[in-house]
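Q: I am new to this structure and would like a close look at a single part of it. Please take me through that part slowly, one step after another.

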Amino acid sequence: MYHKDKISVDMDNKVPHLQRSAIKALAAVLLLLAILAVAHSPSRVLLAYDDLNQTLNVTITHTSSNIDSHYVREVVVQKNGDEVLKREYTNQTTTTTFSYHYPINATSGDLLKAVAYCSISGSRSAEIRIS
């Protein structure tokens, strides 16, 4: 073989197909990472119980620059481990901290738990023992 001889290998176009698949996979991973970088669970859930009005006050901190697409989508309240209330939302009322007030009958010794779910990813919960 002389130095002017050329060798070409036809791999039935498998390399371009593999490259396209790799590029698509990389793009999907980057998109997922971008979404997760923006999305986050609520950073804080605080509970207070009003005995007189039998009301659970749930204060949630969930920072969002677009409260119509990234918001707390659901709050679930449990009493002594049993689900007693579930509220779904289509946005949140402010870009940071907001409160909801739920009518919950509770007595001394009851354990109340509230879980706030982000519309994109994650959740945060808090518990309070009624005294």
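Which strand pairs with strand β3 (residues 72-79) over 7 bridges, and in which sense, parallel or antiparallel?

A: In this predicted model, strand β3 pairs with strand β6, which covers residues 111-118, and the two run in the antiparallel sense over 7 bridges. Strand β3 is also joined to strand β4 (residues 82-88), again in an antiparallel arrangement, through 6 bridges. The hairpin of β3 and β4 has 2 residues between the strands, and Asn80 in this hairpin takes a positive phi near 55 degrees.

Individual residues show how these pairings are made. Val76 has Lys86 in β4 as its bridge partner, while Glu74, which is found in strand β3, has Tyr117 in β6 as its bridge partner. Glu74 counts as buried because its relative accessibility is 10%, which is under the 20% cut-off for that term. Leaving aside its neighbours within four places in sequence, Glu74 is in contact with Lys86, Arg87, Glu88, Tyr89, Val115, Ala116 and Tyr117.

Technical notes:
Residues numbered from 1 in each chain as written. Predicted model: local features only at pLDDT ≥ 70, side-chain atom pairs only at ≥ 80, totals over all residues. Heavy atoms only, no water. Pairing = 2+ DSSP bridges. Helix = DSSP H or I, 4+ residues; strand = E, 2+ residues; numbered from the N terminus. Buried < 20%, exposed > 50% of the residue type's maximum accessible area, 1.4 Å probe, protein only. Contact = heavy atoms within 4.5 Å.
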